[in-house]
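Work through the exercises below with the sequence and the model side by side.

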Amino acid sequence: MHDIEYIRQNSEEFEKAMESRGIKEFSAEEILKVDHKKRLLTTKLQDLNRQRNEITKKIKELKMSKSPCEKQIKSSKNITNEIEAISLKEQMEKDKLVNILSNLPNIPVQGVPIGAGENSNLELRRYREKRQFDFVPKSHYELGERLGLMDFEQAAKISGSRFAILKGQLAKLGRALINFMLEMHVNEFGYTEVYHPVLVKNEAMYNVGQLPKFSDDSYLTTDELRLIPTGEVVLTNSVADKIVEEKKLPIRFTAYSECFRKEAGSAGQSTRGMIRQHQFGKVELVSITTEDQSNDELERMTGVAEEILKRLELPYRVILLCSGDMGFAAQKTYDIEVWLPEQNRYREISSCSNCGNFQARRMNAKYSLEANKKVKKYVHTLNGSALAIGRTIIAVMENYQNPDGSITIPNVLQKYISNGTVISK
């Protein structure tokens, strides 16, 4: 949610920021008109309440002196009726203002490239040379189906398109990746592991910016609960409506969860195999920080996600997203893209974002200053994938494949798979 005071003081800057996020046919003037009307009604209400309080006091005095007060009582009733009418109008303007602000994305911070899409993103660094194959590398779905360990046909009969069934050693590989990631995050980087629900109320989705703008992207149950599109929803909401002591920040959470998205994208290479699924597993990182800590925390979080790929010895690159390519709630985002040999391209495997106080304003999450506990500020929230399990399985399969269709298990994962070294038919 945006700070209306900031928009009042910086309307031109705000309008340019929204233009950089791809919001067309928008003007800050529209917001300020609604805000001005609401403020006029608020002022009128305050004045009417003051008048009614004075009349109520006068009625009390007249009754104590046994003097006539019918005129004052009638006037008080008229004012009360006017207050009720104006209160309804004020609430309508409040709702209109909140609705407008709720559908506007976060403001990019300084240093974020301005652009409409991925062509304006900035590559920052690469890690590890791509493997040179002496045979034509196969796709993960070709490998998985030939091994008899990946079944899309039966999954489609059971659940429809964009679902997969993994069996045997591939299922075990997924479990190994989850254990490897969580143990690293908890034991080496100080994250607190969380096991959480995958069904949440609409309010929780609103708090992180998934609603109202993206209501059609998530699955809604008949009793108005939504399946989470990412563990960020629950982990970030862990501080909703709370005031945290400054000395307890940063708070760092990690969790593995199943995630659900409608993924109504275009057909093509992205829909083959496991690249885009309606259900997928992900290990999530979330940090709750002070405003002074969040920039450094984003760099730290991105480094944690990179460390997984380094230990898996997978080639990747880090991208700074431009203003038009960032997620709705983000003010700065790094994407980590892993190399997929069969596709001959890098594909996103992690996205780490600093949301500033954007989500905190929506969910009323604050921290009290250590120097003066009466002073409260909104926390800053960050989230990152570390990593998406399905895409990590894909990256391991394609980068570690052998000429006979078997897959070598990365050294760092072998202890999680009974010291196995190869996935074979």
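A residue counts as buried when its relative accessible area is under 20%, as exposed when that area is over 50%, and as partly exposed in between. The model examined here is a predicted one. Its protein has 425 residues, of which buried residues make up 49%, and it holds twelve helices and 17 strands. Along the principal axes, the C-alpha trace spans about 105 × 45 × 40 Å.

**Exercise 1. Cysteines**

Task: Determine how many disulfides the structure holds, and classify Cys322 and Cys355 as buried or exposed.

Solution. Step one is to recall that a disulfide is a covalent bond between the sulfur atoms of two cysteines. The cut-off applied to a pair of cysteine sulfur atoms is 2.5 Å, and the structure holds zero disulfides. Cys322 accordingly is in no disulfide, and the nearest cysteine sulfur, which belongs to Cys355, is 16 Å away.

Step two turns to Cys355, whose sulfur has its closest cysteine sulfur in Cys352, at 11 Å, which is too far for a bond.

Step three compares the accessibilities with the 20% limit. Cys355 has a relative accessible area of 2% and is therefore buried, while Cys322, with a relative accessible area of 0%, is buried as well.

**Exercise 2. The surroundings of strand S12**

Task: Explain why strand S12 is described as largely enclosed, and identify which strands pair with S12.

Solution. Step one considers burial along the strand: S12 covers residues 345–354, and eight of these ten residues are buried, so the strand is largely enclosed by the rest of the structure.

Step two takes strand S11, residues 332–340, which pairs with S12 in the antiparallel sense over nine bridges. Within this pairing, Asp335 stands opposite Ser351 of S12. The two strands form a hairpin with four residues between them, and in the turn Asn344 has a positive phi of about 55°.

Step three takes strand S15, residues 380–388, which runs antiparallel to S12 and is joined to S12 by three bridges. In this case Cys352 stands opposite Gly384 of S15.

**Exercise 3. A cavity and a pocket**

Task: State which residues line the largest cavity, which element gives the most to that lining, and how the lining of the second largest pocket divides by class.

Step two lists the lining, which consists of Ile275, Val338, Leu340, Arg347, Glu348, Ile349, Arg391 and Ile394. At least two lining residues come from each of S11, S12 and helix H12 (389–399), and S12 gives the most, with three residues. Sorted by class, this lining has five nonpolar, no polar and three charged residues.

Step three passes to the second largest pocket, which has a volume of about 320 Å³. It is lined by 14 residues, and the closest to its centre are Tyr6, Asn106, Ile107, Gln331 and Asn357. The lining of this pocket has six nonpolar, six polar and two charged residues.

**Exercise 4. Aromatic pairs**

Task: Find how many aromatic pairs the whole structure contains, and decide whether the pair of Trp339 and Tyr346 is stacked or edge-to-face.

Solution. A search of the whole structure finds seven aromatic pairs.

Step two examines Tyr127 and Tyr316, which form a stacked pair at 5.3 Å centre to centre, with 25° between the planes. This pair links distant parts of the chain, since Tyr127 lies in strand S1 (residues 122–127) and Tyr316 in strand S10 (residues 316–320), 189 residues apart. Tyr127 is partly exposed, with a relative accessible area of 26%, whereas Tyr316 is buried, with a relative accessible area of 1%.

Step three examines Trp339 and Tyr346, whose ring centres are 5.0 Å apart and whose planes stand at 70°, so the pair is edge-to-face. Trp339 counts as buried at 8% relative accessibility, and Tyr346 is buried with a relative accessible area of 8%.

Definitions and conventions: Residues numbered from 1 in each chain as written. Predicted model: local features only at pLDDT ≥ 70, side-chain atom pairs only at ≥ 80, totals over all residues. Heavy atoms only, no water. Buried < 20%, exposed > 50% of the residue type's maximum accessible area, 1.4 Å probe, protein only. Pairing = 2+ DSSP bridges. 1 Å grid on protein atoms, 1.4 Å probe; cavity = no way out; pocket = protein on both sides within 12 Å on 5 of 7 lines; lining within 4 Å. Nonpolar A, V, L, I, M, F, W, Y, C, P; charged D, E, K, R; others polar. Points joined across faces, edges and corners; volume = space filled by probe spheres on them. Phe/Tyr/Trp six-rings, centres within 6.5 Å; stacked < 30°, edge-to-face > 60°.
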